Amino acid sequence: MTITIEYYLILSAFMFLVGVAGVVFMCIELMLNSANLTMIAFASFMGSSVGQLFVFFVMTVAAAEAAVGLAIIIAIFRNKLTVNIDEINILKW
């Protein structure tokens with residue numbers, strides 16, 4: 001039995017839906033990885049390496065997003081000495 005492109009697309013859609021349901025820091029990474037899986041599947045199906053090239057760009061954006069998110073969390077922790085969302089009220093008057 002060979003694995004066809006439909007299996008990759010179904011797995012990618014499932015990963016993306018789990019990411020949409022979560023919409024937190026790690027779920028955004030899951031959504032980006034599902035897009036990567038789709039690009040790799042179509043690149044393999046079409047016999048082109050352009051999709052694989054785009055995956056490197058998406059991975060770069062994902063790494064930058066993770067670094068910025070971590071920097072924001074560290075900055076909040078240094079100012080408020082907690083990361084508990086109930087105790088952080090920087091947007092309230």
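Met26 lies in helix 2, where helices are DSSP runs (H or I) of at least four residues, numbered from the N terminus. The structure is a predicted model, in which local features need pLDDT of at least 70 and side-chain atom pairs count only at pLDDT 80 or more, while totals for chains, interfaces and linings use all residues. Residues are numbered from 1 along each chain as its sequence is written, and side-chain values use heavy atoms, with hydrogens and water left out.

With a relative accessible area of 61%, Met26 is exposed; buried denotes under 20% relative accessible area, exposed over 50%, and partly exposed the range in between (1.4 Å probe, protein chains only). In contrast to exposed Met26, Asn36 is buried, at a relative accessible area of 7%. Contacts of Asn36 (heavy atoms within 4.5 Å) include Val55, Val58 and Met59, when residues up to four places away in sequence are not counted.

Ser12 is found in helix 1, formed by residues 5–22. Its relative accessible area is 4%, so Ser12 counts as buried. The side chain of Ser12 reaches the backbone oxygen of Ser34 at 2.6 Å. Residues touched by Ser12 are Ser34, Ala35, Leu37 and Thr38, again without those up to four places away in sequence.

Helix 3 spans residues 50–80. The expected span of a helix is 1.5 Å times one less than its number of residues; for the 31 residues of helix 3 this gives 45 Å, and the end C-alpha atoms are 45 Å apart, which agrees. Buried residues of helix 3 include Gly51, Val55, Val58, Ala62 and Gly69. Phe54, also in helix 3, is partly exposed, with 45% relative accessibility. A nonpolar surface patch of about 640 Å² is made by Phe54 together with Val50, Leu53, Phe56, Phe57 and Met59. Such a patch consists of residues with over 30% relative accessible area and no salt bridge, with nonpolar side chains (Val, Leu, Ile, Met, Phe, Trp, Tyr) joined within 5 Å and like charges within 9 Å. Accessible areas come from the Shrake-Rupley method with a 1.4 Å probe, and a salt bridge is a side-chain nitrogen of Lys or Arg within 4 Å of a carboxyl oxygen of Asp or Glu.

Helix 3 is followed by Leu81, whose phi is positive, near 60°. Most residues other than glycine have a negative phi. Leu81 is exposed, at a relative accessible area of 66%.

Terms used. Helices (H or I, at least four residues) and strands (E, at least two) are DSSP runs, numbered from the N terminus. A polar contact is a pair of N or O atoms within 3.5 Å; within protein, one must be able to donate a hydrogen and the other to accept it, and residues adjacent in sequence count only if both atoms are side-chain atoms.
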